[in-house]
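Welcome! Let's take a friendly walk through a protein model, one neighbourhood at a time. Keep the picture in view as you read.

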Amino acid sequence: MLMGEAVRGVIVDHALLQYGTIQPENFKSNGTLSLLRKLRFSNIQTAISYVLPVSAEQVNLLQTMAKLHSFECLPLTASSLDIASREIAQTWSHISGTILYLLPNHDASPKITCTYFSIALDDEVTSVLRKSNRIYMEKFEELPLTICRLNKKAISNDVVTVGYIMKPSREEDFAKRGALPMCPTPNGLMFLPLTFELPISKQLEEVDVILHKATDEIVSIELNSSSESSYRIGYTKGMQELQRHIENHNDCFEVDPLNSIYPVLDRLKIQQLLLGLEDLNVGGRCKVRAPHFLKVNSFDEPDLVQRLHDATLSLPSIVKPQVACGVADAHSMAIVFKVEDFKVLNVPLPAVIQEYVDHSSTLFKFYVLGDRVFHTVKKSMPNADVLIKSSEKNGSKPLLFDSLKSLPTSTANQHSEGRDPCLDLALVNKAAERLSKRLGLTIFGFDVVIQEDSGDHVVVDVNYLPSFKEIPDDVAVPAFWDAIKKKVDSKAVK
């Protein structure tokens, strides 16, 4: 793969940033600057330029902005393309590749002129202009699409373009670890951030496969009471557009299809799927299983005590909303110590009452990236006896928490007497393979706790496209890329 002509640098004229209305404390939330950070995370050298003379106050503001985002601040003596290009080539003489220089078209349309030219380490500066070309853009958001087109044209049509959509905070978390580069990866992937600021159909013309965290775009989930696994999902307007495009174009390929992620939205459905792990168990060994559970539509059911008994549930139990993600209260949970407290419990309904497993305060987080499985160990909630003693201080009232923010974890002096958990990795790997087939997912995660008395490996949660940030980047990121590439290759074979 020839990388010499790939985009290696982008210079943006300061006038395009509209920074005059931005206070320094809001620099990080500025959309244009956020887009430029994606370039830096892709190892594309990035600079903000300005033409002299500029006031000291403006220069200070630009330098503050550039330093905050690890950009360069590039003063130029003139705005003419001839002079600016020469100065850029001289300043960035250490770069070999294509340079983009973006300038505003004042009172004209298209609004942005993107001049691009290639330089090599042994180039004469005078040869730069002979290689320059222009592209025009209406919106700054077109920049990643422009880079994608130039890279694909310069390098190879064999490069696989992965169009992705996820919420900004998640995207930044992936991107700053180098997982979503706009320049090709060693195995031939190139990542393009999809934006709802532009028509989705035009962006997807450049895309070979779609990677989405669709749960980030959910605005509502309505469970159908007449069916235990039927629900209506409301997406953002942009995600609806993407969904329609996928449905109307058979050649539109997803790393993980939308319908494959639906089970992980529903804790009841997940529990039912986990029951299928039982046939992996062999006599005489510890087993992998789902926790005991019970779905309730009301906490005021007259036969609740009997139903808990029939479901092999004892107190304390953990209570979770049936809706697992995508809505604000999906992570509002409680640990209940007394049956009478169910009647006043403030957990969204319908809900799933789940067995509380004594697990030595140890949680094993597993990440499935294609055919590779990784895991890490985290501190978790204390055993039931510790929780009960702690709850007695406030009258044994339910312990309410948000599992994304305030998961109660044990301290060093809160451990019960019990053996250290012994993980049967081969067994859990078999469970990962089974879940991958049952769910039809390429990239997902699940949590395992090991019951103290029995050694049972209990799968307590499943989620789609986790961050896997606990796994070292030099291991996890290539595995992430390989999982996507193998999924694309499997489509080509069919």
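This is a predicted model: local features need pLDDT of at least 70, side-chain atom pairs count only at pLDDT 80 or more; totals for chains, interfaces and linings use all residues.

Look now at β7 and β9. Strand β7 (residues 160-165) pairs with β9 in the parallel sense, over four bridges. Across this pairing, Tyr 164 stands opposite Leu 211 in β9.

## Two helices side by side

Helix α4 has another partner to find. The axes of α4 and helix α1 (residues 31-41) come within 11 Å and cross at roughly 30°. Angles under 35 degrees count as roughly parallel, and α1 and α4 are therefore roughly parallel to each other.

Which residues make the contact between α1 and α4? On the α1 side they are Leu 35, Leu 36 and Leu 39, while α4 brings Leu 143, Pro 144 and Ile 147.

## The whole protein

Let's step back for a moment. The protein has 13 helices and 21 strands. Of its 494 residues, 55% count as buried. The protein exposes about 22,900 Å², and carbon and sulfur atoms supply 49% of that area.

How do parts that lie apart in the sequence come together? Among the contacts with a separation of 6 or more, 70% are between residues 24 or more positions apart.

## A mostly covered helix

Helix α9 (residues 267-274) is mostly covered, with six of its eight residues buried. Those buried residues are Arg 267, Leu 268, Ile 270, Gln 271, Leu 273 and Leu 274. What do they pack against? Their neighbours are the strands β13 (293-296), β14 (317-321), β15 (332-336), β16 (351-355) and β21 (457-464), together with helix α12 (425-439).

Have a look at the start of α9 too. There, a side-chain oxygen of Asp 266 reaches to within 3.0 Å of the backbone nitrogen of Leu 268.

## A strand covered on both faces

Is strand β17 (residues 362-369) mostly covered or mostly open? It is mostly covered: eight of its eight residues are buried. On one side sit Thr 362, Phe 364, Phe 366 and Val 368, and on the other are Leu 363, Lys 365, Tyr 367 and Leu 369. Both faces of β17 are covered in this way.

β17 also pairs with other strands. Eight bridges join β17 to strand β18 (residues 372-379), and the two run antiparallel. In β18, Lys 378 is the bridge partner of Leu 363. β17 and β18 form a hairpin with two residues between them, and in the turn Gly 370 has a positive phi of about 65°. Strand β20 (residues 443-450) is joined to β17 by six bridges, again running antiparallel. Here Lys 365 stands opposite Asp 447 in β20.

Key: Residues are numbered from 1 along each chain as its sequence is written. Side-chain values use heavy atoms; hydrogens and water are left out. Buried means under 20% relative accessible area, exposed over 50%, partly exposed in between (1.4 Å probe, protein chains only). Contact means heavy atoms within 4.5 Å. Accessible areas come from the Shrake-Rupley method with a 1.4 Å probe; for residues, only the protein chains shown count as cover. A polar contact is a pair of N or O atoms within 3.5 Å; within protein, one must be able to donate a hydrogen and the other to accept it, and residues adjacent in sequence count only if both atoms are side-chain atoms. Two strands pair if DSSP finds at least two bridges between them. Axes are lines fitted to C-alpha atoms, for helices over the stretch in contact, and angles run from 0 to 180 degrees between N-to-C directions. Angles under 35 degrees count as roughly parallel, over 145 as roughly antiparallel, 65 to 115 as roughly perpendicular and the rest as oblique.
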